[in-house]
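My entries follow the structure.

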Amino acid sequence: MSSLATSPAPSSASPHELGVLLGYPVRDVRGFMCDGGRGAVACGRWKVYGDPAAAERRFAELPRRESALRERFCAGCPVGALIA
């Protein structure tokens, strides 16, 4: 994390590895890095290369999690505590 804070601002093409930081399954990040989305078995918030049913469950729970994080951030919770 500290290297992200001190590195220059990302270009319009951010590294795919940021997907792991955002909670995307590693298999999906690796799959996208290898074929750029052409062989995905499903697509939602990200391209899915693993279990599509598990991905659909994660896609469905994301709005609730995002809302909870937003509420904590607006209440003054430091960003570091949100991602820890």
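**Salt bridges and a helix face**

I looked up Glu61 and found a relative accessibility of 25%, so Glu61 counts as partly exposed (buried is under 20% relative accessible area, exposed over 50%, partly exposed in between, with a 1.4 Å probe and protein chains only). The model is predicted: local features need pLDDT of at least 70, side-chain atom pairs count only at pLDDT 80 or more, and totals for chains, interfaces and linings use all residues. Residues are numbered from 1 along each chain as its sequence is written, and side-chain values use heavy atoms, with hydrogens and water left out.

I listed 2 salt bridges in the structure (a side-chain nitrogen of Lys or Arg within 4 Å of a carboxyl oxygen of Asp or Glu). Glu61 pairs with Arg65, their closest N and O atoms being 3.0 Å apart. Both belong to helix H4, 4 residues apart, so about one helical turn separates them (helices are DSSP runs of H or I with at least four residues, strands runs of E with at least two, numbered from the N terminus). Arg65 is partly exposed at 45%.

I then checked Arg45, which forms a salt bridge with Glu66 at 2.4 Å between the closest N and O atoms. Arg45 sits in the loop between strands E1 (42-43) and E2 and Glu66 in H4 (residues 52-74), so the pair ties together parts 21 residues apart in sequence.

Turning to helix H3 (residues 26-35), I noted Asp28, Val29, Gly31 and Asp35 as its buried residues. On the other side of H3, Arg30 and Cys34 are exposed.
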